[in-house]
Amino acid sequence: TWSRRMSLNAPNRSLTRQTQGNPVALLGTVIWSTTAILIRYLTENYEIAPLTLAFWRDLMAFATLAAAWRVFRPEWLRVRRTDWVFMGIYGALMAVFNGLWTVSVALNGAAVATVLAYNSSAFTAFLGWRLFGEKLGPAKLLAVSLSLVGCILVAGAHDPAMWRGNALGVICGLGAGLCFAGYSLMGREAARRGIPSWTALTYAFGGAAVVLLVGNVLLAQSPLQVGGTFFPAMDAAGWGILFALAAGPTIGGYGFYTLSLAYLPASVANLIATLEPSLTAVQAYAFLGESFTLTQIAGSLMVIAGVVILRISEAGKGNAGS
């Protein structure tokens, strides 16, 4: 019968959609993985302080998205009056995350900073347990433990000499992971409120730019900004790279990842995104001359293993409820 033929063809359609979605998710991850590379290149080769870089990146991302939605999807620029306070908090949290993340890249290097940021998965699981009553079973406990120990090894936090020589880098790297966990939880709340993901992202960038503008003024003489100016004396190539950072990994990576969700289950897309630290490490070695010690490699594998365990656990929970 027709219904039987349709049921027999369903697995083939599912396989076709996954075949289409896998390259899209992988492309998004590859683009995302260039974020730390471009940040590191700019802080190393141009006179631009980390918080200044974070401000211009967020401002350019907001301006690009707002202009695009004004022309193509004006409804994505509308926010309910009751959600403006929430969006302000969302933007402030993104500002702290982007600021700490950029400082971490400048002080720790692209590869180490990316691995440390991935500790956010462990923080998200822990905060979800404490704040929202989510279950923290054996799999999540193992994942959290692996991620935390792995980050300690990657950052060199087990070595007292590292705290004497790069305490700010270690603190910013771990703080970036914690802030990204909070940012992820805010994303869940935005979805619960019915705010489109692109709307939330656009105004989060706008709010972050405002907060970082104030931060650049208040922290002008702090260790985070010494040696930089608010309007860095970059040539056209430098500004082009900065815009590429805003439009490429910042917007493009998120865009391709979101597009992949139309073809793939979120669990599969998330697992593909787990390749980001490895891809960043390869590029950091090839273009920036960065390399990991054996201890850092072991720590990186522990972090990635923790993230994979978490995402497989979440996928299993989703399948059990379907």
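Reader: Is Y46 buried or exposed?
Author: This is a predicted model, and in it Y46 counts as buried because its relative accessibility is 16%, where the cut-off for buried is under 20%.

Reader: Where does Y46 lie?
Author: Y46 is in the loop that joins α2 (35-45) to α3 (50-72).

Reader: Which residues is Y46 in contact with, leaving aside its neighbours within four places in sequence?
Author: With those neighbours left out, Y46 is in contact with Y41, M234, D235, A237 and G238. A related pairing is with A233: the two C-alpha atoms are 7.8 Å apart in space, although Y46 and A233 are 187 residues apart in sequence.

Reader: For contacts between residues at least 6 apart in the protein, what share join residues at least 24 apart?
Author: The share is 86%, counted among contacts between residues at least 6 apart in sequence.

Reader: And the overall architecture: how many helices and strands does the protein have?
Author: There are 13 helices and zero strands. Read along the sequence, the pattern is therefore α-α-α-α-α-α-α-α-α-α-α-α-α.

Reader: What percentage of the protein counts as buried?
Author: Of its 322 residues, 47% count as buried.

Reader: Let us turn to the largest pocket. How much space lies in it?
Author: The largest pocket holds about 1,400 Å³ of space.

Reader: How many residues line the largest pocket, and which lie nearest its centre?
Author: The lining has 43 residues, and those nearest the centre are W32, F180, Y183, S184 and Y257. The elements that give two or more residues to this lining are α4 (84-108), α5 (110-117), α6 (120-132), α8 (160-192), α9 (197-218), α10 (236-260), α11 (266-273) and α13 (294-321).

Reader: Which element gives the most to that lining?
Author: Helix α8 gives the most, with seven residues.

Reader: What is the lining like by class?
Author: It has 24 nonpolar, 12 polar and seven charged residues.

Reader: What is L288 in contact with, beyond its neighbours within four places in sequence?
Author: L288 is in contact with I37, R40, A110 and Q283. The C-alpha atoms of L288 and R40 are separated by 8.3 Å, while the two residues are 248 residues apart along the chain.

Reader: What about F292, where does it lie?
Author: F292 is in the loop between α12 and α13. With a relative accessible area of 23%, F292 is partly exposed.

Reader: Which residues is F292 in contact with, leaving aside neighbours within four places in sequence?
Author: The contacts of F292 are A111, V112, V115, A281, I297 and S300.

Reader: Changing topic, how many residues does helix α7 have, and how far does it reach?
Author: Helix α7 (residues 138-155) has 18 residues and reaches 26 Å from its first C-alpha to its last, close to the 26 Å expected at 1.5 Å a residue.

Reader: Which residues of α7 are buried?
Author: The buried residues in α7 are K140, A143, V144, S147, G150, C151, V154 and A155. They line one face of the helix, because they fall within an arc of 140° when seen down the axis of α7.

Definitions and conventions
Residues numbered from 1 in each chain as written. Predicted model: local features only at pLDDT ≥ 70, side-chain atom pairs only at ≥ 80, totals over all residues. Heavy atoms only, no water. 1 Å grid on protein atoms, 1.4 Å probe; cavity = no way out; pocket = protein on both sides within 12 Å on 5 of 7 lines; lining within 4 Å. Points joined across faces, edges and corners; volume = space filled by probe spheres on them. Helix = DSSP H or I, 4+ residues; strand = E, 2+ residues; numbered from the N terminus. Nonpolar A, V, L, I, M, F, W, Y, C, P; charged D, E, K, R; others polar. Expected span 1.5 Å × (residues − 1). Buried < 20%, exposed > 50% of the residue type's maximum accessible area, 1.4 Å probe, protein only. Arc of directions from axis to C-beta. Contact = heavy atoms within 4.5 Å.
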